[in-house]
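Please open the structure in your viewer and keep the sequence beside it. The tour below goes from one selection to the next and says what is there.

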Amino acid sequence: MALPLPSGLVPTEVAFLCEMEMITIVPRQRLESIPMLSGKTPALRPPRRADLPLWLALLLKKQRRANIVPPPWLLPASLHEIVHAETNVDPEAFSPPPPPPMRSDGRGVARPYATTTTTTGRSGGNGNGRDRDGDEDQDNKEFILAPPFLPSCTQDAPLGYLPYHWLEIAETLLAHAADDIPGAPEVRALLRDLQEVRAAKMRASTQYLEGGGGVLNLRGVGAMELAESRGFVLGVVDGVRKLGASIEAGRREEEAARGENDDGDESDDDMEL
């Protein structure tokens, strides 16, 4: 007999998915490009830095063929800033996620990663991507990028923002590449404090679910935090639903009993007449 599967992702599945996040490394040996399902990896040429998936970066680190560059948000100064914002600046809300990164379009103009510009030829043009006046015809296509396709854990990640997989990536890097992280003991202590503060916020935010009509704001909550708190939040929601159902049933019973008493009083008055 098959056991019922839990709803949502479990922490082990979330830790597996975070290995697709891109991380920056400093290669120590030359390595040619590796073809993969998602595309070819960049050729490694020491000491030029390159972005690789976390699982491949850990493999090269274990083989002593590369060093991992920690993301800027994992440095002690950035973690101090985030802990201060979580505890003093806004004690009720979670720190916001990183803003969408910008890229250069080759002309010195910064564009978001969600916009790409393609050059196509107009009807009546010369077929080389330019119209009769020699101007390029640009079509903007919009597409949405999400982790792990955003550089939220590379060396270009912004300071003071926690990405979606911040907890599992931090624990993985501290477990397998602690020598590459400046101030690793201090980072561990700050991560412990940050995890406790955010867990307390998650438990306290369930008060908005009382009455069955509240909304829980999860902006800025990480993947591992959602996986670990899903059972607690679902239990609170189920308890509130049962409590509301029992209160409604009691109210209906009182109304029915009150209606019977009113009918009995009217029948007594008729008999007296």
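How far is the sulfur of Cys153 from the closest cysteine sulfur, and in which residue is that sulfur? Select Cys153 together with Cys18 in this predicted model, and you will have both ends of the distance: the two sulfurs are 8.4 Å apart, too far for a bond. A disulfide is counted only where two cysteine sulfur atoms lie within 2.5 Å, and the structure holds zero disulfides. Cys18, accordingly, is in no disulfide.

Of the 273 residues in the protein, 29% are buried. If you display contacts between residues at least 6 apart in sequence, 66% of them join residues at least 24 apart.

Now select helix α2, residues 54-62, and helix α4, residues 166-176, whose axes come within 11 Å of each other and cross at roughly 10°. The two helices, α2 and α4, are therefore roughly parallel to each other, since an angle under 35 degrees counts as such. To see where they meet, show the side chains of Leu54, Leu58 and Lys61 in α2, which face Ile169, Thr172, Leu173 and His176 in α4 as contact partners. Coloured by class, this contact of α2 with α4 has four nonpolar residues, two polar ones and one charged one.

Stay with α4 and colour it by accessibility: the helix is mostly covered, with eight of its eleven residues buried. Those buried residues are Trp166, Leu167, Glu168, Ile169, Ala170, Thr172, Leu173 and Leu174, and Ile169, Thr172 and Leu173 are also on the α4 side of the contact with α2.

Finally, colour the protein by pLDDT, the predictor's confidence in each residue. The mean for the protein is 76, and 67% of its residues reach 70 or more. Among the elements, strand β5, residues 66-69, has the highest mean pLDDT, at 94, while strand β8, residues 115-120, has the lowest, at 45. Select residues 115-144, over which pLDDT stays under 50, although the model has 43 contacts beyond four places in sequence for this stretch. Where pLDDT is low, the predicted coordinates should not be read in detail.

How values were computed: Residues are numbered from 1 along each chain as its sequence is written. This is a predicted model: local features need pLDDT of at least 70, side-chain atom pairs count only at pLDDT 80 or more; totals for chains, interfaces and linings use all residues. Side-chain values use heavy atoms; hydrogens and water are left out. Axes are lines fitted to C-alpha atoms, for helices over the stretch in contact, and angles run from 0 to 180 degrees between N-to-C directions. Helices (H or I, at least four residues) and strands (E, at least two) are DSSP runs, numbered from the N terminus. Angles under 35 degrees count as roughly parallel, over 145 as roughly antiparallel, 65 to 115 as roughly perpendicular and the rest as oblique. Contact means heavy atoms within 4.5 Å. Ala, Val, Leu, Ile, Met, Phe, Trp, Tyr, Cys and Pro count as nonpolar, Asp, Glu, Lys and Arg as charged, and the others, Gly among them, as polar. pLDDT is the predictor's confidence in each residue, from 0 to 100. Buried means under 20% relative accessible area, exposed over 50%, partly exposed in between (1.4 Å probe, protein chains only).
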